[in-house]
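This report describes one protein chain, starting with single residues and ending with the chain as a whole. The sequence and model are shown first.

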Amino acid sequence: MVAPSPFVYWAQDANNIFLKVDLKDIKDPKVNFSKNYVSMAAYGVGAHGSSDYTFSLNLFGDLDSDDEVHQTKMSPRAVEFILKKAKTSWWPRLIKHQQKPAWLKVDFERWKSEDEDFSDSNMENSGAKDVMGDYPELYEKLKRDEFGYVKEDVKKVYLAFYNLTQFIFFTYILVVIGVRFMKEGYDSFPGTYNAVGGVLKFAQLIQFLEVMHPMFGYTKGNPLVALVQVAGRAIVLFAMIEAEPRMQTKPVIFYLFFVWSLIEVIRYPYYITELYKKSIGLLTWLRFTLWIPLYPLGALCEGIIILRNIPYFEETQRFVVSLPNSWNFTFHTPTIMKAYLLLFFFPGIYSLMSHMYRARIKKIGPKRWKSKFN
């Protein structure tokens with residue numbers, strides 16, 4: 001069984017590192033110092049009750065090689081160390097690794113400002129100042145940033161995982177339909193939905209999370225715009241294709257899935273790079289250029305699917321609500337489909353293309369577009 005680690009609180013000034021080990025009634029302590037390493041093992045009462053405890057720290061900088069300059073004070077309530085630095089300096093963090101263990105905490109009460117003079121005479125004349133009382137802004141920063149430790153934001157980790165997951169799903173779809181097409185040619189088209197429909201449906205369902213991301217402040221953007229985009233694709237997938245088996249074997253399904261997936265295998269990696277503020281020129285160019293042919297092609301495939309479904313829905317009366325009924329309400333799905341194609345299809349494409357064009361102008365700019373061809 002691995003011994004647990006006690007809570008260790010640390011602080012520093014220009015010359016020393018201060019450690020306080022939150023361990024009571026210590027027995028048989030074993031302490032080890034080296035150039036840039038500190039470890040301790042002891043039996044005591046800590047966060048896990050009475051037990052053997054141990055911890056080790058690979059320090060960010062070097063300690064003084066003279067062991068006699070380091071001080072150790074043991075009391076019934078804690079163990080305190082004052083470790084002298086090899087050079088007068090301020091360390092951005094205590095340990096080398098940017099990811100700190102959960103049991104390592106900041107001792108705010110002992111922390112001093114880097115701008116202060118820590119000479120004994122200055123301490124006697126002006127009094128020791130503490131971060132909490134005299135530097136409230138610095139104290140808030142220390143609480144937030146933990147003195148140079150890079151703490152992965154939960155939101156960032158979640159968004160990276162989400163985007164990576166979606167990228168894997170759509171890459172899988174592309175690979176499967178691509179391999180099937182290379183093996184069977186056009187004969188692979190009727191089986192496209194059976195081959196990848198399940199994965200696409202799952203990926204489409206979790207895309208509704210993208211509507212909630214801006215609502216919760218995880219991403220920027222208008223949740224209503226995201227809802228229109230995600231819901232529109234979901235209606236085509238679930239109401240127009242999943243609900244009508246005869247449509248699932250049409251060649252247009254292959255082209256639609258190919259276009260959708262190709263868009264997404266560019267979009268999601270781009271979001272990951274933006275999340276970590278990394279710029280890949282080719283990926284950015286693809287993200288804001290491939291939509292020019294792919295969005296109209298995808299919209300055309302969706303329009304064909306809706307158009308070809310009208311006679312099927314007329315025949316089956318699928319999703320139709322007829323009178324009389326208890327709500328005194330009627331809903332004729334084929335009529336809605338016709339109205340959409342006549343009144344909203346082309347304005348919808350224009351609105352989407354205009355939105356993407358404005359995003360392209362903002363990210364790349366029209367001058368870069370012209371420079372590629374002049």
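Is valine 321 buried, exposed or partly exposed? Valine 321 is partly exposed, because its relative accessible area is 27%; buried means under 20%, exposed over 50%, and partly exposed in between (1.4 Å probe, protein chains only). This is a predicted model, in which local features need pLDDT of at least 70 and side-chain atom pairs count only at pLDDT 80 or more, while totals for chains, interfaces and linings use all residues. Residues are numbered from 1 along each chain as its sequence is written, and side-chain values use heavy atoms, with hydrogens and water left out.

Valine 321 sits in the loop between α10 (291-316) and α11 (333-363); helices (H or I, at least four residues) and strands (E, at least two) are DSSP runs, numbered from the N terminus. Leaving aside residues up to four places away in sequence, valine 321 touches Phe329, Thr330 and Phe331, where contact means heavy atoms within 4.5 Å. From valine 321 to threonine 333 the C-alpha distance is 8.4 Å, at a sequence separation of twelve residues.

Helix α6 covers residues 209-215 and contains methionine 215; glutamate 210 belongs to helix α6 as well. The table gives the accessibility of these two residues.

| Residue | Relative accessible area | Class |
|---|---|---|
| Methionine 215 | 53% | exposed |
| Glutamate 210 | 14% | buried |

The side chain of glutamate 210 makes a polar contact of 3.2 Å with the side chain of arginine 267. A polar contact is a pair of N or O atoms within 3.5 Å; within protein, one must be able to donate a hydrogen and the other to accept it, and residues adjacent in sequence count only if both atoms are side-chain atoms. Beyond four places in sequence, glutamate 210 touches Tyr162, Gln166, Ala226, Arg267 and Tyr268.

UniProt, in an unreviewed entry, lists several spans as "transmembrane region", among them 159-181 and 331-353; such annotations may be inferred rather than shown by experiment. In the model, residues 159-181 are 100% helix and 0% strand, with end C-alpha atoms 33 Å apart. Residues 331-353 are 91% helix and 0% strand, and their end C-alpha atoms lie 31 Å apart.

The chain holds twelve helices and eight strands. Of its 374 residues, 40% are buried. Among contacts between residues at least 6 apart in sequence, 64% join residues at least 24 apart.
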